[in-house]
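Please consult the sequence and the model while reading.

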Amino acid sequence: MKSLDIHKSEYLKQFENQTYGRNLLRTQEEERLDAPNEECGIFGMYSDNDLDTFSLSQFGLFALQHRGQEACGISVLKDGKITNMKDEGLVLDVYKEIQDPEAFMGNSAIGHTRYTTAGDKKKYNFQPFFAKNEYDQIILSIAHNGNLTNARELKTELEAEGVVFRATSDSEVILRLIQKNLDLGLRGAIKATMEKIEGAYSVVGMTRNKFFAFRDFNGIRPLVLGAVDEKTYVVASESVALDAVGAQYVRDILPGEIIYTNENEPGKLNSYMVNEERGKQRICSFEYIYFARPDSTLENINVYEIREKSGEKIWEQAPVEADIVIGVPDSGVPAAIGFSKASGIPFRPVLIKNRYIGRSFIVPTQEMRERVVNLKLNPIISEIKDKRVVIIDDSIVRGTTSKRLVKILKDAGVKEIHFRSVSPPIIAPCYLGIDTPSKDDLISANMTTEELRVYLGVDSLEFLSTDSLKEILGSSNHCFGCFTEEYPVAKGEEIELFN
């Protein structure tokens with residue numbers, strides 16, 4: 001048997017040149033319906049010198065592909081002119097559509113990769129968003145990760161002042177507020193915007209001579225800062241994007257902080273705290289459980305280590321006699337390794353991935369859609385037949401994927417199945433930048449653990465407790481809203497932004 005250290009090394013190394021797939025049992029449709037989905041990943045870089053922003057932004061966004069797979073876009077600043085490109089598809093597919101890479105090589109770039117959301121797949125909602133002047137020149141471009149809880153109210157205000165909206169996204173509210181206040185200077189415009197908007201937001205952007213980024217007062221959505229050299233800076237949703245472009249991690253952007261460049265001080269990055277008293281650290285705890293790539297570091301906490309510790313902790317919480325431990329690729333594997341370390345029960349990577357399968361197959365029947373799962377993941381039957389198996393998964397949302405996993409194991413002849421979720425029961429939707437099902441569709445909001453155990457057809461079922469999660473993370477300074485229904489900010493009206 002391979003040592004667990006070797007398993008860890010092999011697991012992490014694969015993501016250097018292959019995209020990270022959180023739960024490969026889910027079909028493309030289920031990734032929207034049976035998983036909490038991150039809305040997007042953002043990336044930005046600035047240098048006093050010209051860069052190959054075409055290639056570097058591509059590398060950075062590819063590292064963030066797991067955060068959004070519906071669409072991709074970039075804005076590039078070159079010789080005082082902003083050029084924008086965005087389209088549906090994966091990062092590499094969108095970049096292949098760029099006919100003239102030279103036109104996207106400048107000294108600054110921002111990019112965005114977007115996740116699928118229901119009923120909102122129009123191209124005008126793809127990012128970066130941009131604003132133009134009367135000469136049809138782009139003067140401002142932004143990329144946003146998060147969700148505003150007062151966007152409808154602000155949109156109504158701005159429309160009353162004559163502002164015309166072109167998209168159906170709360171991100172455009174941020175764009176138009178900054179544009180409206182540019183007479184205050186860039187920093188003043190961002191400050192005025194942050195004092196108006198509520199909710200969760202990490203934003204990166206540029207004007208024709210400046211680069212900037214800022215983060216909400218609770219720091220709910222992640223945003224990290226890195227440097228290639230003394231005059232080249234990178235900002236991204238996760239530190240893996242810094243690694244992809246050869247940048248060193250410097251620190252996380254602070255809650256309520258604006259970082260920006262000034263044309264009078266080339267190469268210098270400035271920092272400004274909008275309101276230090278309001279700044280609190282409440283980063284989303286689900287970033288560590290599920291969203292972030294395992295080789296990322298957020299708020300100086302390594303994601304892989306948290307996931308491994310979650311496996312160790314759930315063994316302490318709910319020990320069980322079994323023959324092997326398996327984890328659902330990719331996100332469940334670190335916790336399975338941790339469970340194995342703590343319990344002494346051997347870890348086996350028995351769910352084998354097909355690395356060449358595409359995002360989706362067009363199949364007309366449910367029966368055929370079920371077969372797609374076995375093309376993605378196929379069990380090594382000889383390893384699990386007649387065995388008592390502990391299966392470790394990152395979470396249970398609607399329960400449909402978990403039920404399918406149980407069926408796959410039973411069909412392979414498993415003797416006993418003990419299911420462990422290394423997130424607490426998800427009992428509430430998120431209103432702060434994550435696409436989750438409604439409360440009616442969250443199975444833990446509607447069933448007890450025993451009822452869910454019977455529904456899944458397993459011998460035992462346990463969830464990591466919220467207290468255990470806080471212990472692993474080392475503090476309560478996170479957002480636990482989907483587990484507790486208590487949020488760092490008011491959730492706002494539960495209505496669509498645009499009818």
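## Terms and basis

A residue is called buried when its relative accessible area is under 20%, exposed when that area is over 50%, and partly exposed in between (1.4 Å probe, protein chains only). Helices (H or I, at least four residues) and strands (E, at least two) are DSSP runs, numbered from the N terminus.

The model is predicted: local features need pLDDT of at least 70, side-chain atom pairs count only at pLDDT 80 or more, and totals for chains, interfaces and linings use all residues. Residues are numbered from 1 along each chain as its sequence is written, and side-chain values use heavy atoms, with hydrogens and water left out.

## Helix H1

Helix H1 spans residues 4-13, and its buried residues are Leu4, His7, Tyr11 and Leu12. Viewed down the axis of H1, these buried residues fall within an arc of 120 degrees, so they line one face of the helix. The arc is that of the directions from the helix axis to the C-beta atoms.

Asp5 and Lys13, on the other side of H1, are exposed. Against which helices do the buried residues of H1 pack? They pack against helix H10 (303-317) and helix H11 (333-343), where contact means heavy atoms within 4.5 Å.

Strands of a sheet pair through backbone hydrogen bonds, either parallel or antiparallel. Here, two strands count as paired if DSSP finds at least two bridges between them.

Six strands form an open sheet with antiparallel pairing, in the order S6-S7-S8-S9-S13-S14. Strand S6 (129-132) and strand S14 (269-273) stand at the edges with a single partner strand each, so one side of each is left without a neighbour in the sheet. From one strand to the next, the twist averages 15 degrees. Within this order, the antiparallel strands S8 (residues 199-207) and S9 (residues 211-215) are joined by five bridges. Methionine 206 stands opposite phenylalanine 211 in S9.

Is strand S11 (residues 232-236) mostly covered or mostly open? S11 is mostly covered, with five of its five residues buried. Thr232, Val234 and Ala236 lie on one side, and Tyr233 and Val235 on the other.

Strand S2 (residues 40-47) runs antiparallel to S11 and is joined to it by five bridges; glycine 44 stands opposite valine 235 in S11. Strand S10 (residues 224-229) is also antiparallel to S11, again with five bridges, and leucine 225 has valine 235 as its bridge partner in S11. S10 and S11 form a hairpin with two residues between them.

Conventions: Axes are lines fitted to C-alpha atoms, for helices over the stretch in contact, and angles run from 0 to 180 degrees between N-to-C directions.
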